[in-house]
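Trainee: I would like to go through this structure term by term. Please set each value against its cut-off.

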Amino acid sequence: MKTAKLLASCTLVLLLASCGSQKELYSWKDYEKASYAYTKEPTEKNEEKLIATYQQIIDNPSGARKVAPPGMCAELGYLYFKKGKTAQAEALLKKEVELYPESEKFIQRILDAIKK
């Protein structure tokens, strides 16, 4: 009888412990909404909203890690490159490598292409 009560108590504790929510590692803010709007209708206005959203995510990171999500700096860098702002694009691509060193091989190819 004691074993059954102990087993039930342990099970209850485990169930309650698993119900707790964990803070997300990264905050994506309005990323989905802005990227969907731009993908659906790639106008200049939607592109500016997308750039503003990306910049907001990078400048004000939240979430457990307090850094921009993986790929965010690279995406914004690509948008700046498309607009002819190569200096800003390079800076953001370098920041991506700084935040996520594992991306260096991929990002370096992009940086090499920009310099050509």
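Mentor: Start with contact: heavy atoms within 4.5 Å. By that rule Met 72 touches Trp 28, Tyr 31, Tyr 54, Ile 57, Ile 58 and Glu 96, not counting residues up to four places away in sequence. This is a predicted model, where local features need pLDDT of at least 70 and side-chain atom pairs count only at pLDDT 80 or more, while totals for chains, interfaces and linings use all residues. Residues are numbered from 1 along each chain as its sequence is written, and side-chain values use heavy atoms, with hydrogens and water left out.

Trainee: What makes up the secondary structure of the chain?

Mentor: There are 6 helices and 0 strands. Both are DSSP runs, numbered from the N terminus: helices are H or I with at least four residues, strands are E with at least two. The order from the N terminus is α-α-α-α-α-α.

Trainee: Why is the contact between Glu 44 and Lys 83 called a salt bridge?

Mentor: The term asks for a side-chain nitrogen of Lys or Arg within 4 Å of a carboxyl oxygen of Asp or Glu. Glu 44 and Lys 83 come to 2.9 Å, N to O. That is within 4 Å, so the name applies. Glu 44 lies in helix H3 (residues 44-59) and Lys 83 in the loop between helix H4 (72-82) and helix H5 (86-99), so the pair ties together parts 39 residues apart in sequence.

Trainee: Which other residues form a salt bridge with Lys 83?

Mentor: Glu 47 does, with the closest N and O atoms 3.6 Å apart. This pair also links distant parts of the chain, 36 residues apart, with Glu 47 in helix H3. Glu 48 is another partner, at 3.1 Å between the closest N and O atoms. Glu 48 is in helix H3 too, 35 residues from Lys 83. Shared partners join Glu 44, Glu 47, Glu 48 and Lys 83 into one network. The whole structure has 3 salt bridges.

Trainee: How do you know whether Glu 47 is buried or exposed?

Mentor: Buried means under 20% relative accessible area, exposed over 50%, and partly exposed in between (1.4 Å probe, protein chains only). Glu 47 has 7% relative accessibility, so Glu 47 counts as buried. Glu 44 is at 47%, so Glu 44 counts as partly exposed. Lys 83, at 29%, is partly exposed, and so is Glu 48, at 36%. Of the 116 residues of the chain, 30% count as buried.

Trainee: What makes a set of residues a nonpolar core?

Mentor: The members must be buried Ala, Val, Leu, Ile, Met, Phe, Trp, Tyr or Cys residues, joined through side-chain atoms within 4.5 Å. The largest such core here has 22 residues. Tyr 54, Ile 58, Met 72 and Leu 76 have the most contacts inside it. Helix H2 (31-40), H3, H4, H5 and helix H6 (104-115) each supply at least two of its residues. H4 gives the largest share, 6 residues.

Trainee: Why are H5 and H6 called roughly antiparallel?

Mentor: Axes are lines fitted to C-alpha atoms, for helices over the stretch in contact, and angles run from 0 to 180 degrees between N-to-C directions. The H5 and H6 axes cross at roughly 165 degrees and come within 9 Å. Angles under 35 degrees count as roughly parallel, over 145 as roughly antiparallel, 65 to 115 as roughly perpendicular and the rest as oblique. H5 and H6 are therefore roughly antiparallel.
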